[in-house]
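The sequence and structure come first.

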Amino acid sequence: MNENRDRLRIAVQKSGRLSDQSLDLLRRAGLVFRSSRDRLFLYGENMPVDVLLVRDDDIPGLLVEGSCELGIVGRNVLDEQRLAGADAPAPAELQALGFGSCRLAIAVPDNGLIKNVTDLAGLRIATSYPALLAEWLRKQSIDAEVVLLNGSVEIAPRLGKAHAICDLVSSGATLAANQLHELVTVMRSEAVLASSPRAQNAATAAQIERLCARIGGAQSGDGMRLLMLQAPRNALPAITRLLPSRETPSVLSLDGRPDDIAVQALCSELDWQHLEELKRLGASSLMVLNVERMLA
Ligand SMILES: Nc1ncnc2c1ncn2[C@@H]1O[C@H](COP(=O)(O)OP(=O)(O)OP(=O)(O)O)[C@@H](O)[C@H]1O
Ligand SMILES: O=P(O)(O)OC[C@H]1O[C@H](OP(=O)(O)OP(=O)(O)O)[C@H](O)[C@@H]1O
Ligand SMILES: [Mg+2]
């Protein structure tokens, strides 16, 4: 924390693609917030942690200057500002968060004149990510001109401003609507938890570590299921082989039933077919529970 503050600050996108899932993740990490009247600040009621709601492009800068210790932002925004900032201290990516998945890709008009990456040489490419694109072009040894557009990049070829574009894609619907198609992926992105490059005192570092562990715990519970069942002891090898389990299942004895066992297993994917096969192997009292949080 900054020397004048005793509360940790996390910067989160105010209103956009990452907003809801970022706040949901913080809530699942156990934070309870009270919103300020202007809705730009969420006061943490049960931990000394506050949330600042800002434009996503401002998050790396807030981390660099130390106004916030943590931020949730797309890797594309984080890496763009790191590259644009040359040798300045940059925020570190602490962990990927598994939402906001997309790719930064070069796309070209459907008319078919640009077929290969090498055809880009000497052409103009419009993007809101000039540093990421320039770095990629440099690594590929392609000499193309980078044209900066802050939004509506897909329209650049029709405006005659550029021959190709480099923008975020997920479903590809925006490209298709603009008669463009992907030529090559420049980078893969998702929301990440990032930290300030400013030195932290021991108390702050401990707070950050505690929050990161909780966020990791809330996140690793995503999509995880706890399978519980009872079965004849001699069916255990076959049951263990079948389980799509992340770790060795726990096997428990049942009071007064020496030939039977209870099994608990953490599974990332578990469908009806698994349950039906387990039943065929003799399993009974099958139960599948959603895992809300985990701490190793
Ligand atoms: N089509 C997409 N699918 C999935 N994730 C995306 C997509 N487009 C963008 N993202 C991710 O979500 C982040 C935020 O996107 P959004 O469009 O809300 O940003 P923005 O318009 O720049 O918002 P702001 O108003 O905060 O500046 C992007 O930086 C990227 O990491
Ligand atoms: O491949 P798709 O699923 O079509 O997604 C791609 C679109 O999503 C992003 O824009 P967004 O919708 O976030 O709007 P923005 O231009 O306001 O950032 C991106 O800039 C593309 O335009
Ligand atoms: Mg933005």
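Strands (E, at least two residues) and helices (H or I, at least four) are DSSP runs, numbered from the N terminus, and two strands pair if DSSP finds at least two bridges between them. The model is predicted: local features need pLDDT of at least 70, side-chain atom pairs count only at pLDDT 80 or more, and totals for chains, interfaces and linings use all residues. Residues are numbered from 1 along each chain as its sequence is written, while chains are lettered from A and ligands numbered from 1 in the order in which they are written.

**Domains**

- The protein chain divides into domain 1 (8–99 + 191–220), domain 2 (102–188) and domain 3 (225–290), with bounds that come from an automatic or database domain assignment.
- The centres of domain 1 and domain 2, taken over C-alpha atoms, are separated by 30 Å.
- Five residues of domain 1 are in contact with seven residues of domain 2; contact means that the C-beta atoms of two residues, placed from the backbone, lie within 7 Å.
- On the side of domain 1 that touches domain 2, two residues are nonpolar, one is polar and two are charged. Here Ala, Val, Leu, Ile, Met, Phe, Trp, Tyr, Cys and Pro count as nonpolar, Asp, Glu, Lys and Arg as charged, and the others, Gly among them, as polar.
- In an unreviewed entry, UniProt places the feature "domain: ATP phosphoribosyltransferase catalytic" at residues 55–215. UniProt positions are in the numbering used here, feature names are shortened, and annotations may be inferred rather than shown by experiment.
- Residues 55–215 are 31% helix and 29% strand, and the end C-alpha atoms of this span lie 22 Å apart.

**The seven-stranded sheet**

- Seven strands form an open sheet with mixed pairing, in the order β2-β3-β4-β1-β5-β12-β6.
- β2 (33–35) and β6 (92–96) are at the edges with a single partner strand each, so one side of each has no neighbour in the sheet.
- From one strand to the next, the twist averages 25°. Axes are lines fitted to C-alpha atoms, for helices over the stretch in contact, and angles run from 0 to 180 degrees between N-to-C directions.
- β2 runs antiparallel to strand β3 (residues 41–44), joined by three bridges, and R34 has Y43 in β3 as its bridge partner.
- The hairpin of β2 and β3 has five residues between the strands, and R39 takes a positive phi near 60° there.
- β3 and β4 are also antiparallel, with two bridges, and form a hairpin with four residues between them. L42 stands opposite V51 in β4.
- Six bridges pair strand β1 (residues 8–13) with strand β4 (residues 49–54) in the parallel sense; A11 has L52 in β4 as its bridge partner.
- Helix α1 (residues 19–28) lies across β1, β4, β5 (70–74) and β12 (191–195), at about 150° to β1.
- Helix α7 (residues 202–220) also packs on the sheet, where it touches β1, β4, β5, β6 and β12, and its direction makes about 45° with that of β1.

**The five-stranded sheet**

- A second open sheet has five strands in the order β9-β8-β10-β7-β11, again with mixed pairing.
- Its edges are β9 (145–148) and β11 (180–189), each with a single partner strand, so one side of each is left without a neighbour in the sheet.
- Neighbouring strands are turned by 30° against each other on average, direction ignored.
- Strand β7 (residues 102–109) and β11 run antiparallel and are joined by eight bridges. L104 has M187 in β11 as its bridge partner.

- Strand β13 (residues 225–232) pairs with strand β15 (residues 260–267) in the antiparallel sense over eight bridges, and P232 stands opposite D260 in β15.
- β13 is also joined to strand β16 (residues 284–290), antiparallel, by five bridges, with V288 in β16 as the bridge partner of L227.

**Ligand shells**

- Of the 16 residues around ligand 1, G16, R17, G74, C102 and S170 come nearest; a residue counts as near if its C-beta atom, placed from the backbone, lies within 6 Å of the molecule.
- The shell around ligand 1 has four nonpolar, eight polar and four charged residues.
- Ligand 1 lies between domain 1 (8–99 + 191–220) and domain 2 (102–188), because both give residues to its shell.
- Around ligand 2 are R17, G151, D167, L168, V169, S170, S171, G172, A173 and T174, of which three are nonpolar, five polar and two charged.
- β10 (164–169) and α6 (173–177) each supply at least two residues of the ligand 2 shell, and β10 gives the most, with three.
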